[in-house]
Amino acid sequence: MERQEIIDGLVEVLRTVRTVDPAKLENVTEETDFLTDMNTPSTELINIAAKVEQKFNVEFEDEDIDELGSKVKDIVDLIIKAKERENS
Amino acid sequence: MGITDTSQIKDNLVGELPENWLIHGPKKRLVSAFHWHKPKVGVVASYTPNENDVEDHFDIFRGVDMIESFAQATVVAAATFLESKKQDMVPEELSKLLIPTFISLGNVFFHSYLEKGQTFVNIGFIKFYKWRQMVCEGRIYRAPKGLDLDAYFKDFDEERLKNYDIGEGFVLIAELFDITGRGIKKEMFEKLQ
């Protein structure tokens with residue numbers, strides 16, 4: 001799965017998150033930060049992670065979430081890592 | 001003498017001593033007994049406000065203390081239980097690694113109040129539990145005076161929990177929504193400063 005494909009899927013997820021302003025989803029890049037660029041409350045990241053798990057059919061571990069950064073690329077990396085973990 | 005070996009950990013918290021699961025000091029522990037508990041579903045636990053709890057506050061148990069009692073009974077105790085089972089670690093050891101932390105509170109509606117000596121039950125329903133984060137909702141009821149809560153809740157079940165089906169004599173005190181807590185690694189907690 002290509003990184004851009006993952007980003008597109010992530011944007012779809014973010015459209016379902018009430019606290020994310022749809023206007024902030026117009027040109028999401030790998031460097032977009034959930035907290036500073038999208039003003040997403042940090043408490044919402046767990047809710048986003050749970051939706052991403054379902055969307056991409058992957059499973060994150062406690063440590064994955066502990067260490068998760070707040071940029072789009074961090075979640076893309078994590079999705080790829082989780083998929084590789086499941087295939088290994 | 002706390003729990004020294006995971007083999008001592010039963011299938012649920014009923015009959016367990018709160019001090020074995022709520023590791024903070026006695027003055028701040030607002031749960032006296034667990035009466036019903038289904039690990040990933042919910043819990044019923046009681047407390048009776050004492051002299052210290054109502055001091056300087058019109059002999060009334062404070063609303064924020066009700067929220068704390070509810071959170072201890074549900075988010076802290078229930079999540080500690082699940083994490084102990086998952087990591088095969090006794091609560092004392094777990095408390096050296098993780099700090100139970102409030103993340104956020106949803107709506108809380110108070111319908112009445114509690115005085116010193118008035119036993120109440122926290123009835124909590126687990127809505128989310130993942131990555132050491134738990135979200136609970138539920139209610140606080142004042143229990144009928146002198147009721148044997150262990151006997152009363154012995155046959156409680158998930159269906160009755162979801163419908164708050166607890167019968168006559170219980171007085172609704174508060175409704176609590178999206179009470180969210182998380183076990184945060186100690187080293188990460190210290191970075192929050």
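What is the relative accessibility of Glu93(B), and as what does this residue count?

Modeller: At 36% relative accessibility, Glu93(B) counts as partly exposed, a class that lies between buried, under 20% relative accessible area, and exposed, over 50%, with a 1.4 Å probe and protein chains only. This is a predicted model, in which local features need pLDDT of at least 70 and side-chain atom pairs count only at pLDDT 80 or more, while totals for chains, interfaces and linings use all residues. Residues are numbered from 1 along each chain as its sequence is written, chains are lettered from A and ligands numbered from 1 in the order in which they are written, and side-chain values use heavy atoms, with hydrogens and water left out.

Glu93(B) has a salt-bridge partner in Lys96(B), with the closest N and O atoms 2.9 Å apart; the term stands for a side-chain nitrogen of Lys or Arg within 4 Å of a carboxyl oxygen of Asp or Glu. The two residues lie 3 residues apart, about one turn of the helix, in helix H4 (residues 91-97) of chain B, where helices are DSSP runs of H or I with at least four residues, strands are runs of E with at least two, and both are numbered from the N terminus. Lys96(B) is likewise partly exposed, at 48%.

Lys162(B) is partly exposed at 42% relative accessibility, and Glu158(B) is partly exposed at 24%. Beyond such pairs, salt bridges that share partners join Asp62(A), Glu63(A), Asp66(A), Glu83(B), Lys86(B), Arg132(B), Arg182(B) and Lys185(B) into one network.

In total, 27 salt bridges are counted over all chains. In one of them the side chains of Asp62(A) and Lys86(B) meet at 2.8 Å, N to O, and this pair crosses between chains, from helix H3 of chain A to helix H3 of chain B. Setting aside residues up to four places away in sequence, Ser84(B) touches Ile9(B), Trp21(B), Met89(B), Val90(B), Pro91(B) and Leu94(B), contact meaning heavy atoms within 4.5 Å.

Turning to the interface as a whole, 12 residues of chain A are in contact with 11 residues of chain B. The two chains bury about 1,000 Å² between them, 54% of it on carbon and sulfur atoms; buried area is the accessible area, taken with a 1.4 Å probe, that two parts lose on being put together, summed over both. Ile46(A), Asp62(A) and Asp66(A) supply 58% of the area that chain A buries against chain B, more than any other three residues.

The count between chain A and chain B is 8 salt bridges, including one between the side chains of Arg182(B) and Asp66(A) at 3.3 Å, N to O. On the side of chain A that touches chain B, the elements that give two or more residues are helix H2 (45-56) and helix H3 (62-66) of chain A. The residues of that side divide into 5 nonpolar, 1 polar and 6 charged, with Ala, Val, Leu, Ile, Met, Phe, Trp, Tyr, Cys and Pro counted as nonpolar, Asp, Glu, Lys and Arg as charged, and the others, Gly among them, as polar.

Arg182(B) also leads back into its own chain. The C-alpha atoms of Pro100(B) and Arg182(B), 82 residues apart along the chain, are separated by 5.7 Å. Pro100(B) sits in strand S4 (residues 98-104) of chain B and, leaving aside its neighbours within four places in sequence, is in contact with Val76(B), Arg182(B) and Gly183(B).
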